[in-house]
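Here's a quick briefing to read with the structure open beside you. Take it slowly and find each residue as you go.

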Amino acid sequence: MNLLRAEFTKFRSVPGWVRGVVMAALLILLFPVTGLGGGPGDEPSPVTGPDGQPVNNSYSFVHRPLTGDGQITVAVSKLSSEQDGPWAKAGLMVRAGSRYAAIMVTGGHGVRMQHDYLYDKAGPAVRWLRLTRSGGTVTGEASADGSRWTVVDKVQLSGPAQAGLFVACPSRIRGIAIADDTATAVFSRPELAGAWPVADWAGSVVSSDAGFTMTGRGDLGPATRSDVPVGVAVGDLLFGTFPALIVIVVVGTLMVTTEYRYGVIRLSLSAGTGRVRVLLAKAAVLAGATFAAALLASALAVPLWLRVVRGLGAYVFPAGPLALLRAEVGTAAVLAITAVLALSVGLILRRSATAVTTVVVVTVLPYLLALTPFLPPSVAQWMTRVTPAAAFAVQQTLTRYPQVDSVYTPANGYYPLAPWAGLAVLCGYTAVALAVAAVLLRRRDV
Amino acid sequence: MTSIEVAELRKRYGGTTALDGMTFTARPGRVTGFVGPNGAGKSTTMRIILGLQTADAGHALVCGQPYRSLRCPLRSLGSLLDASALHPARSGRNHLLWLAQTQGLGTRRVDEVIEQVGLASVSRRTAGGYSLGMRQRLGIAAALLGDPPTIMLDEPFNGMDPEGIVWLRGFLRSLAEQGRAVLVSSHLMSELQDMAEHVVVVGRGRVIADSNVAELIAAVSGDRVRMRTSAPEAVAAALTAAGGQVVEADGLVVRRLAAEQIVAVLTANGLPFSELAPHRATLEEAYLDLTGDAVEYRGAPA
């Protein structure tokens with residue numbers, strides 16, 4: 001306790017350090033100003049699905065009304081796309097208003113049953129598909145031969161609906177390249193059973209005795225960052241974390257390297273004979289001050305800039321209150337833990353310049369590189385997986401969907417690790433550095 | 001009980017021997033001078049006493065314990081190793097405050113020691129602007145914080161103006177009179193004159209002399225008598241005949257004869273003389289005499 005109080009006095013009595021922490025907080029709070037220059041674009045907001053998430057909603061649909069119960073069965077005899085898209089889709093769909101349920105054959109992921117844009121369930125890799133609506137429940141089944149059926153999923157969907165065949169084909173993603181794609185599917189003639197009202201098939205289709213041939217492009221599923229490039233993610237509003245990190249690294253390093261430079265370390269260690277406790281007290285004070293300042297800044301910055309950005313008419317990707325809280329607290333934690341990493345490296349190296357350079361190279365540089373849009377995604381992923389920059393995952397509020405290929409790069413706001421796993425990587429580096437620093441401090445003559 | 005006990009300390013840095021069996025003690029109630037040329041191992045010894053460096057062999061105890069086992073070390077031993085060990089942007093008062101807080105002491109004690117060393121008017125200024133003399137005073141204030149029974153200062157006179165030197169001598173003497181053990185290192189014996197009661201003279205990492213100041217001076221002074229005369233040749237001849245040894249140096253210096261014998265011889269021969277007095281060596285002379293071959297770095301004669 002005495003050591004904590006002493007280290008706090010040391011910290012607050014050097015005006016440059018206090019100013020550094022305040023400056024880091026102001027950078028978090030005010031840095032988004034630099035992004036306001038462009039002003040609001042004229043891009044329309046994306047379509048949102050029943051859950052409020054942005055969605056893609058374009059596909060080819062040959063359909064007829066279905067008011068009550070009914071069953072439709074079809075075989076997809078051929079599905080191909082110009083770019084060999086693994087998520088080219090052809091199958092059956094029941095759509096009621098903004099909701100839908102669909103079972104489909106895909107280019108490379110077997111049979112899937114999907115509904116309401118966000119939800120996806122995998123089935124076997126076969127060609128026969130069947131949708132049955134009975135009493136408000138839509139059941140999707142798949143079969144290899146049209147006689148023995150396996151249930152893939154069941155979805156509640158009642159009310160007047162349109163049902164029929166659909167084809168969609170999302171853009172093909174190769175690395176960071178996005179190529180438009182078009183799929184062509186050949187269906188057998190659909191077999192209808194149940195109470196179908198008398199009507200013709202509506203939609204664009206080439207019909208023959210053998211069946212229907214359809215082409216389709218676009219997708220129906222959740223929209224990702226590359227589909228809504230002008231959309232704002234909450235992580236974007238915390239971009240000030242990056243310059244703040246540099247300032248905090250300098251403060252954290254100087255807190256210990258100046259002790260070596262001026263010889264104050266001898267006083268510190270002759271006043272506190274428990275050397276590791278002196279180090280821990282110093283780390284606790286630095287982490288505490290950084291966390292408090294950064295949390296205040298991020299908790300103010302997120303709601304403030306959300307208001308500003310929405311006021312300007314920009315689209316904001318939805319994020320729940322818990323995700324916002326996690327991004328705010330996580331940002332403060334990233335800064336505080338990086339500060340301790342800087343302190344530890346400073347103690348190990350004992351020289352301000354080399355220590356600052358080292359910590360910037362291991363924390364700030366990988367993050368900066370990961371944000372470079374032209375870097376191959378694999379490199380960017382690696383940078384944010386194994387380096388301390390992984391911790392920026394705490395700022396991710398966008399959802400990554402396994403059933404959608406996209407440019408899931410840090411530059412787009414997607415990190416390879418889960419938020420707390422990313423933070424754990426940074427914690428690991430910091431723990432190792434702190435342990436090495438403690439051992440050296442105990443052993444070294446000063 | 002001895003306040004600082006150093007026994008058989010050995011320390012090597014690479015190929016250089018810094019300490020070679022350093023052994024001495026500093027006792028309560030007196031100022032112990034710790035003297036030796038630069039590089040003799042004074043600072044290394046002090047760092048080992050403070051547990052900042054580890055000795056290759058031997059031990060150092062403060063109040064009977066290794067320093068690093070003391071819970072509130074500044075309450076047992078106050079020290080000043082390097083007066084410039086300050087963060088220049090921190091005020092002198094805050095510098096003392098954080099040190100005080102490590103020992104569970106508060107602002108009241110800080111203000112007391114600031115008053116004691118006469119820094120009250122500048123204590124809230126940043127230490128970067130302090131003169132070396134002011135820094136020495138701040139360092140002494142830091143050493144006094146825990147009101148310790150033992151005080152150890154490394155070259156505290158460096159950079160002090162004459163007035164400061166006089167003040168510090170008196171101050172350290174009064175600390176010793178209060179019953180504290182005071183260990184003061186210096187590379188200049190003259191700084192310790194009239195203050196240190198005991199000196200430990202070191203050279204090349206070991207103790208050359210460990211003695212009471214009065215005895216040390218007497219030993220170096222020997223039985224020499226200094227006198228003046230208007231007939232140096234005759235006097236020299238007469239005294240040599242009586243068994244003395246005469247050297248001419250600003251008058252004559254006579255050895256091996258007591259003052260009374262000289263007076264008797266000269267009176268019997270009717271020779272003139274004046275200002276006859278026992279020669280008293282300065283501490284400086286004693287020191288030079290002792291460390292003559294222990295000086296590590298010596299300039300070539302011009």
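Let's start with Ala238(B): setting aside neighbours within four places in sequence, this residue is in contact with Val265(B), Asn269(B) and Leu271(B). Keep in mind that what you're looking at is a predicted model.

**Around Ala238(B)**

- Ala238(B) sits in helix 7 of chain B, which covers residues 232-241.
- Is Ala238(B) buried or exposed? Ala238(B) counts as buried, because its relative accessibility is 13% and the cut-off for buried is under 20%.
- Val265(B), one of the contacts of Ala238(B), is 27 residues away along the chain, yet the two C-alpha atoms are separated by 7.3 Å.

**The domains of chain B**

- Chain B is split into domain 1, running over 4-218, and domain 2, running over 223-280.
- How many Å separate the centres of the two domains? Taken over C-alpha atoms, the centres of domain 1 of chain B and domain 2 of chain B are 45 Å apart.

**Strand 4 of chain A and its partners**

- Strand 4 of chain A spans residues 89-96, and eight of its eight residues are buried, so the rest of the structure largely encloses this strand.
- Strand 4 of chain A pairs with strand 5 of chain A (residues 99-106) in the antiparallel sense, over eight bridges.
- If you'd like one of those pairings to look for, Ala96(A) has Arg99(A) in strand 5 of chain A as its bridge partner.
- Strands 4 and 5 of chain A form a hairpin with two residues between the strands, and there Gly97(A) takes a positive phi near 65°.
- Strand 4 of chain A also runs antiparallel to strand 11 of chain A (residues 161-168), and seven bridges join them.
- Here you can look for Gly91(A), whose bridge partner in strand 11 of chain A is Phe166(A).

**Salt bridges**

- Some background first: side chains with opposite charges can pair up when their charged atoms come close.
- How many salt bridges does a search of the whole structure find? Over all chains, the search turns up 18 salt bridges.
- In chain A, the side chains of Asp120(A) and Arg112(A) meet in a salt bridge, at 2.6 Å from N to O.
- Over in chain B, Glu8(B) and Arg10(B) form a salt bridge, and their closest N and O atoms are 3.3 Å apart.
- Glu8(B) is partly exposed, with a relative accessible area of 42%, and Arg10(B) is partly exposed too, at 34%.
- Asp20(B) and Arg206(B) make another salt bridge through their side chains, with 2.5 Å from N to O.
- What does this pair tie together? Asp20(B) lies in strand 2 of chain B (residues 16-26) and Arg206(B) in strand 9 of chain B (residues 206-212), so the pair ties together parts that are 186 residues apart in sequence.
- As for accessibility, Asp20(B) is partly exposed at 23%, and Arg206(B) counts as partly exposed at 42%.

Technical notes
Residues numbered from 1 in each chain as written. Chains lettered and ligands numbered in written order. Predicted model: local features only at pLDDT ≥ 70, side-chain atom pairs only at ≥ 80, totals over all residues. Heavy atoms only, no water. Salt bridge = Lys/Arg side-chain N within 4 Å of Asp/Glu carboxyl O. Buried < 20%, exposed > 50% of the residue type's maximum accessible area, 1.4 Å probe, protein only. Helix = DSSP H or I, 4+ residues; strand = E, 2+ residues; numbered from the N terminus. Pairing = 2+ DSSP bridges. Contact = heavy atoms within 4.5 Å. Domains from an automatic or database assignment.
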